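Subject: Structure for you to look at

Hello,

Here is the structure I said I would pass on. Please open it and keep it beside you while you read the notes below.

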Amino acid sequence: SWSPPPGDFATDHYVVYRDTFLLSMVPIATVVAPETTFVDVTIPACEFYDYCVTAVDTGGFEGAPSDDVPGELCYAGPQDFEATFDEDGNEMTWSPADGPVDYYVILRSTESDPPDSIGWVPASGTSYVDDAIADCVRNNRSYEILPVYDTGWRGARSEMVTLDPVPSPPSGFTVEWSRSDLLLTWSSNCEDDFRRYWVYRSTIPFTPPVNSDLLIAFMPDTTYVDTDVVTGGTYFYRLAASDASSQKSTYSEFAYVGSGDVLSVPDPYASIQEAIDAASVLDTVLVAPGTYDENVTLRDAVTVLATERSAATIRAGSGSVVTAMTLTDLAVMSGFTVDGLGTAVNGLEAWGSYVRVEDCVFQNAGTGASFKYGGAPLLSGNVFTANQNGIACADSASPFLVGNAFDGNSMSAVFSLGAPGPVIGKTLADANDFVNRGMFQILNAGPAEIDAELNYWGDDCVDPAWFSGLVDYVPWTDEDHSGTYVECADAVPDDGTSGKAFASHNYPNPFNPATAISYTVPSPGGVVRLTIYDLAGRKVRTLVEERKGPGDYQVFWRGRDDRDRELGSGVYFYRVEIGDEFRVERKMLMLR
């Protein structure tokens, strides 16, 4: 800013000059009189400049320059910037920048692309999810946060954080005979920093971790010819991919050559276990309808299949009705009813196993299916009913649950003690159905949060009291798996709602781990802000900050701050603001 020149100088406009270390007094703007201020928004943050101004009269005569004035603008930029990889979208959090920030721009760069804007969040936001990564989710990406101030000036950026995920496991893997050799082919990895593939072979199925003695080749190509084989033999292969940082992917699915026989029960084999014991690798045990009073131990690379779904019942009143120890994903059990007769400890007990269990019913046991000591079994299309716990998971076991139904298990549908714990659905196509709840839908006593988004919980209005421990159950879906919800689905009327704004007391209170807050937006709607504060008055979480139409709403708080960090026990306050006239604050107590 400056004062006009003295006297009768007929000023038409002013010229603003800027002096930098490299360029001396460069004109950067004209300001039409009588205005005597200028905002320089084109400068990088935290650099020194000198400025001067000249006046130009109506005849085009430019007067003497003003004195030089030094200038610098240097607010601290975003701090504590963190970025984490997630296949559904890379997640970012940061602490606010200093000064009157208007909004933040998220910048992304790759090895081949310079930094470019991919989105923005308002000044009140300190988190962002980059879900535009479907082209290659595990590519290396670098992120920065750029604050933009109310004048339009770009401030100091955050530090740059680079994500270097482990490569994806190779896919599209096939193997076939080519005369006396085996031809292996697979799809190429998309990662920018991919370097080579690793090929492993065995004459029997094998599970991770893979013995290095099984390595037969490594190269960047997507084909391999294995000449060290015997024509007509049975061979199992897995692949892994590695990147420039020598990070190695998880292993691919099996590709194998060979075929097995079919062993029938009850003729010629009288029992299921007798047929399993007689089976070889890749054989199938085919079981006719009936009741089989026996305990069964599955065998690696042997499929045990009921000819009619749920028509063959395996039952036993003690121990584990079915046992699966350190089996690969080539061990399959499909189509059975497994009955613990009310006294068996487990319907299925699996240790360190990758077994696949499909279209079975597990009932009347202490636990329908128990998983321990690692492994990642796949459970698809099963029903767990009338058990104490539908599924129990301990140690480092991580079963993947897809399309299962949990109905009337007295303690919990899923009980977890370990880490990382089960993965309960991933997409709407993977949704599990939880109905006729016992005490809990999910009881998590382990240290890791359970991913249980996009499942049906038996009602469109979900109660946080159905879950214990760290459980991410929002959003959920409906019975048809056609929609997603983050609040009660039937709470928002189809048409406008008249009446007054309202905010409920949270329920439950005290709470652990989550509590629900309901509020009403009157017609014609308005901006809603719902924020959480600690006892010292510091804002810890913004739950809602957006315009809402008229209607009734409900939102859940799971005791975490804006950076998704778990907060401790204590007194907290929530403030609900609806439009310009409604504001209410209430106290709540969290007990960890």
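Ala465 counts as partly exposed because its relative accessibility is 39%; buried means under 20% relative accessible area, exposed over 50%, and partly exposed in between (1.4 Å probe, protein chains only). Ala465 sits in the loop between β39 (450-451) and β40 (467-468). Its C-alpha is 7.8 Å from that of Pro508, although 43 residues separate Ala465 and Pro508 in sequence.

This is a predicted model, in which local features need pLDDT of at least 70 and side-chain atom pairs count only at pLDDT 80 or more, while totals for chains, interfaces and linings use all residues. Residues are numbered from 1 along each chain as its sequence is written, and side-chain values use heavy atoms, with hydrogens and water left out.

Helices (H or I, at least four residues) and strands (E, at least two) are DSSP runs, numbered from the N terminus. Two strands pair if DSSP finds at least two bridges between them.

An open sheet is formed by 3 strands in the order β44-β45-β48, with antiparallel pairing. Its edge strands, β44 (502-503) and β48 (551-557), each pair on one side only. Between β44 and β45 (residues 515-521) there are 2 bridges, and Ala503 stands opposite Tyr519 in β45.

Elsewhere, β19 (residues 262-265) runs parallel to β20 (residues 284-287), joined by 4 bridges. Val265 stands opposite Val287 in β20. Leu263 and Val265 make up the covered face of β19, and Val262 and Ser264 the uncovered one.

Regards
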